[in-house]
Amino acid sequence: MIKESIYYHRSYRKESISRNSALIELVVLLLPVVAVFFMYPYITYYMGKITRFVLYRYFSAASTVQVIKSHFVFFDLYIVHMAAFYHTPMFYFVFFIVSFALLIMSLIIILNKASPIMLYVFYILSINAISATFFALVPLDFPYDINLFSDLYIKTEVAIWLVIPFVLAIALVPLRSNLFLKLLVTIATLLYSIAFSLVRYILFLYVLERFSYVFMASLFFAFGPLIDFIYIVGIYSYYLSAVSRKNINSDGKGQWLF
Amino acid sequence: MALLAFIVILKIYMLFVIFVMTVYTVRHIIFTMNRLLNEQKLYYQDIMDSDLPFVSVLVPMHNEEKTANQVLSMLMLSDYPMDRMEIIPVNDNSSDRTKEILDSYSSAHPTTIKPVHRDSSSKRGKVPALNEALEIAEGSIVLVFDSDYLPTKGMVRALAMGFKNPRVGSVMGRVMLINTGTNLLTRILDLERTGGYQVDQQARYNLGLIAQYGGTVGGFRKDLVLSLGGFDEAVLAEDTDLTFNLVIRGWEVAYANRLECYEEAPEEWSVRARQITRWSRGHNMVLFKYLFPLIRTKYLKFWQKLDGALLLFTYLVPFIFLIAIADSLALFFLGAMNLVNYVIIYILVGIYVLFGSFSPFYQIGAGVYLDRTSYRVRLLPFFFLVFIFNMWHISYGFIESLIDLISGRDVNWIKTQRYRTTEATEVDET
């Protein structure tokens, strides 16, 4: 059979998007930044209220769980203020022993088989072991309390909400797709981020209150802001997958010259 | 006072890391936008010329019984005139059936396939093997394919056409994976390659920056390399070594995105770990060797030098990041981590983490989008774990390269394991 037409090869494909439409898309996709900027005091206020409501059920000293104002760049925001405690020296000693035992075990495993998940576990256990050493030696010199952590966490999350539209705009503007859908992806990511921030906020405060400050470092370094970028990219990748599939046959074809 | 000074040093290092990450972020945004939206610089594959150079195709092999048959069969199917081409498979002290396979091909095609057998008395490794083969190669143009590659019919001709430009010293095609669908690792490596070739290499070529010769699916002018003394046997990354050796002397590396050649990717994390450690070790040796010559050369413009330096530092950045993690932990426990540090560092680091150490997520996304592959891209979030994996092994490779630099010890080549099934290895004597 003689081939009469041929699809253009992928090697030198490119997108045709004018400077003006790119600029318009950029402006539209950055609109959620304005929304977050003016709404973060309200969002953090309700996050604080919900967190207080949930934690209230678990701690006998729940009356000390309060939602208070904290100063941020332009507007004040709200954080949960509560009391936490230090464990006994014996607890820290046992924690120190267990942490190092786990660290050595994981080290033995990764020396034989350094899979990404084992390396991540090793990373978490290393932070835990450093924290355990600190608390075994000088627990009262720990420079933070639960309220400082609470403050830091909320401010970091607000900063991430402000950054999400920028990150996604860079990735989404050049794609050949409906602007409304791009905006929807940005808003969906923001909503997910806010909900996920709340869940982690409750969980982190619960862990710190229940098991003491010894876990603060690993919570922040291993499950803190770094984790946020995983779902941002996750949502982007699903959208990209759909757009890529939709455009699969839209590149035209050429005719053979015979 | 000493503690205060220590804290200041830690904070200065953090600022340095933020600067480095910002520079790389901007670089990759420029590459991504250029590849997606700007005019593309085409390779020379459409040139038709009857005046074809004599080409020597080198195929270094060490225990390649699983792959030798296919690569030789594919090369024999090439549309390049057989009287203008020779194939030199270099059997580097193999202990399996490689020698038998090569000899069988050589008897069937004595004028074209001329194997070189190296025994245990020779220095082992790809680089010494290439140097030995260069001594007997008759072609003015030398092309190299690793044994696991499957060069298509027009590949030799198209690669050779690049040398019609007298300023081109080396050419490089696009690497694709044949075993993408095998498991999570191969799918992730496919995404990594897509970002690296479809976007990064092509954008660098578009922008007149330094495209990289990758040691396979590519070639170089034989006399040129011989005039440079052949390949440096003290360097594991002979490809990057050649790239910089050429560009600092005013030669160009041409990148052919259209010339897709399939290779076999590692299917186990341990194999990938060894491969990436070797790359890091070799690449960082090239960094030590060429950073100052690159800065001093009169043949490159400022932006080419800057991007060349960033390219050289690629395998150092994960180590810088590893130190930054230790730095931030120290600051944390010293109570010196203020809000500004936290927010800026983690946002930038967060973005950087998804680089997977080679390409940020939007660059890989752009490559996948241009290729119109769809489902695999959903694995992008896994690059968070890949980054940690790469950071660990690349840092180890960097430390090895430092030891190499200080001690001047000999480097040993560790071959990447092959996975091809035995059905594909039967000798084709037709």
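Here is a short exchange about helix packing and the chain contact in a predicted model.

Biologist: How many residues does chain B bring to the contact with chain A?

Modeller: The contact has two sides. Chain A gives 50 residues. Chain B gives 46 residues.

Biologist: Which helix of chain B supplies the largest share of the side that touches chain A?

Modeller: Several elements each supply at least two residues of that side, among them helix 1 (2–37), strand 7 (252–263) and helix 14 (383–407) of chain B. The residues of that side divide into 33 nonpolar, nine polar and four charged. The largest share is eight residues, and its source is helix 12 of chain B.

Biologist: Is helix 3 of chain A roughly parallel or roughly perpendicular to helix 14 of chain B?

Modeller: Helix 3 (residues 116–137) of chain A packs on helix 14 of chain B with the axes 8 Å apart. Their angle is about 80 degrees. Angles from 65 to 115 degrees count as roughly perpendicular. So helix 3 of chain A and helix 14 of chain B are roughly perpendicular.

Biologist: How many nonpolar residues are in the contact of helix 3 of chain A with helix 14 of chain B?

Modeller: Helix 3 of chain A uses A:Pro116, A:Ile117, A:Leu119, A:Tyr120 and A:Tyr123. Helix 14 of chain B answers with B:Leu385, B:Val386, B:Ile388, B:Phe389 and B:Trp392. No polar and no charged residues take part; the nonpolar count is 10.

Biologist: How does helix 5 of chain A run against helix 7 of chain A, roughly parallel or roughly antiparallel?

Modeller: The axes of helix 5 (residues 179–211) and helix 7 (residues 225–246) of chain A come within 10 Å and cross at roughly 150 degrees. An angle over 145 counts as roughly antiparallel. Therefore helix 5 of chain A and helix 7 of chain A are roughly antiparallel.

Biologist: Is the crossing of helix 5 and helix 7 of chain A left-handed or right-handed?

Modeller: The contact includes A:Tyr192 and A:Phe196 of helix 5 of chain A, and A:Ile235 and A:Tyr239 of helix 7 of chain A. By class, this contact has eight nonpolar, two polar and one charged residues. The crossing is right-handed.

Biologist: What handedness has the crossing of helix 1 and helix 11 of chain B?

Modeller: These axes come within 10 Å and cross at roughly 140 degrees. Among the residues that meet are B:Leu10 and B:Tyr24 in helix 1 of chain B, and B:Phe321 and B:Asp327 in helix 11 of chain B. The contact divides into 12 nonpolar, one polar and one charged. The crossing is left-handed.

Biologist: Where does helix 9 of chain B bend?

Modeller: Its 28 residues should span 40 Å at 1.5 Å a residue, and the end C-alpha atoms are 40 Å apart, so the two agree. Helix 9 of chain B still bends by about 45 degrees. A proline, B:Pro293, follows within four residues of the bend, which is at B:Tyr290.

How values were computed
Residues are numbered from 1 along each chain as its sequence is written. Chains are lettered from A and ligands numbered from 1 in the order in which they are written. This is a predicted model: local features need pLDDT of at least 70, side-chain atom pairs count only at pLDDT 80 or more; totals for chains, interfaces and linings use all residues. Axes are lines fitted to C-alpha atoms, for helices over the stretch in contact, and angles run from 0 to 180 degrees between N-to-C directions. Angles under 35 degrees count as roughly parallel, over 145 as roughly antiparallel, 65 to 115 as roughly perpendicular and the rest as oblique. A crossing is left-handed if the near helix is turned anticlockwise from the far one by less than a right angle, and right-handed if clockwise. Two residues are in contact if their C-beta atoms, placed from the backbone, lie within 7 Å. Ala, Val, Leu, Ile, Met, Phe, Trp, Tyr, Cys and Pro count as nonpolar, Asp, Glu, Lys and Arg as charged, and the others, Gly among them, as polar. The expected span of a helix is 1.5 Å times one less than its number of residues. The bend at a residue is the angle between axes fitted to the seven residues ending there and the seven starting there.
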